[in-house]
Amino acid sequence: MGRHFLQIPGPTNVPDRVLRAIAQPTIDHRGPEFARLALDLQERLKGVFRTSGPVVVYPSSGTGAWEAALVNTLSPGDKVVAFETGHFSGLWCAMAARLGLVVDVVPGDWRHGADPDALAERLTPDVAAVMVVHNETSTGVRSRVPEIRAALDRAGHPALLLVDTISSLASMDYRHDEWSVDVTVGCSQKGLMLPPGIGFNAVSDKALAHRGGLPRSYWDWEPVIAANRQGFFPYTPPTNLLYGLREALVMLEEEGLEAVFARHDRHAEATRRAVRSWGLDVLCADEREHSSSLTAVLMPDGHDADALRRLILERYDLSLGTGLGRLAGRVFRIGHLGHFNDLMLAGTLSGVEMGLAAAGVPIKEGGTRAALAYLENGR
């Protein structure tokens, strides 16, 4: 009985307003009503990405948007520098290699973000692009994208900057234009509070001018941008998801992006205070790089994070994120992004604390109380 607590780092909870919008009757995607919807979305999306340039919309997951970012800008044999900050950065690197790119991976320990100081020594003249995951969903670690841009600028290097914002878009401060990002990758099912099914590329003028030679057809920006000028798409668009996207963007505008970011920052800090009060460790090791979308929690030696997750799901109907890749069994992830408020966080942390105790994990009492004290102070 009662509601299921879905506190994975995505797909996230979909607001009732968005669900009702998605449930509207489908319209003709070649007609004038749809054109008005598409043109309106194009302008609203620019506000979320903080760009004045085009935002290309695909019926896809974030993985499709990854591929679009690569095949539109790069050529076979191009060299890219990519930072290994977690499981998903590794998957993006693997995709680049399969597409015929030469990937120079900057290794990482998965507890830190992309290191701007490590970039300078790798910026050889043949580097065509730098790939960074802004917020690594598998680790809860944020990379300092403005510092990566500054490192490129100091070197005077013309490499394109490609950034994955899949779990930070509409949850954490991000500025496509101001940070001189060339391609920003996003998707629908996290901070935008939608079901999976829409991928995004925000594109700079430099990226549009830098047309690579990798094969592309479905993912080609040019026919999409051309059709978008009239409010249409060169493929069948996800009409009902676009209804939901408009409603989600209206909700974000009503709250105000700065307030959205502050809410996420606040819930993340409250969560970290709970974890530390339990005597456990947050995976992110640098205070400057904490994610505001999720918190990855390290389990003590001898305790299995997946066994804990199963117990919490079965006993309290609360879903937490699993550890991925090298973190399997070692961490669980608490998602606190999207359609989320103080009471939802209180319920989530209470379920985690009860689950830790039931699983026999050695913790100190009072983690949830520490988070509530922080929230009650109005911070």
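Reader: Which residues does UniProt list for "domain: Aminotransferase class V"?

Author: The unreviewed UniProt entry lists residues 6-310 for this domain. The structure shown here is a predicted model. Over residues 6-310 the chain is 39% helix and 16% strand, with end C-alpha atoms 14 Å apart.

Reader: In what order do the seven strands of the open sheet stand?

Author: The order is 2-10-9-8-5-3-4, and the pairing is mixed. Strand 2 (55-58) and strand 4 (102-106) each have a single partner strand, so one side of each edge strand has no neighbour in the sheet. On average, neighbouring strands of this sheet are turned by 20 degrees against each other, direction ignored.

Reader: How many bridges join strand 8 to strand 9?

Author: Three bridges join strand 8 (residues 160-164) to strand 9 (residues 183-187), and the two run parallel. Val 163 has Thr 184 in strand 9 as its bridge partner.

Reader: Which strands does helix 4 touch as it packs on the sheet?

Author: Helix 4 (residues 87-98) touches strand 3 (79-83), strand 4, strand 5 (127-133), strand 8 and strand 9. The direction of helix 4 makes about 150 degrees with that of strand 5. Helix 8 (residues 221-228) lies across strand 2, strand 9 and strand 10 (199-203), running at about 105 degrees to strand 2.

Reader: Which strand does strand 12 join through five bridges?

Author: That partner is strand 14, which runs antiparallel to strand 12. Within this pairing, Ala 296 stands opposite Arg 333 in strand 14. Strand 12 also pairs with strand 11 (residues 281-282), in the antiparallel sense over two bridges.

Reader: Which residues of helix 12 are buried?

Author: An α-helix has 3.6 residues a turn, so residues three or four places apart point the same way. The buried residues of helix 12 include Leu 345, Thr 348, Leu 349, Val 352 and Leu 356. Among the elements that the buried residues pack against are helix 10 (257-277), helix 11 (305-316) and strand 14 (331-335).

Key: Residues are numbered from 1 along each chain as its sequence is written. This is a predicted model: local features need pLDDT of at least 70, side-chain atom pairs count only at pLDDT 80 or more; totals for chains, interfaces and linings use all residues. Side-chain values use heavy atoms; hydrogens and water are left out. Buried means under 20% relative accessible area, exposed over 50%, partly exposed in between (1.4 Å probe, protein chains only). Helices (H or I, at least four residues) and strands (E, at least two) are DSSP runs, numbered from the N terminus. Contact means heavy atoms within 4.5 Å. UniProt positions are given in the numbering used here, feature names are shortened, and annotations may be inferred rather than shown by experiment. Two strands pair if DSSP finds at least two bridges between them. Axes are lines fitted to C-alpha atoms, for helices over the stretch in contact, and angles run from 0 to 180 degrees between N-to-C directions.
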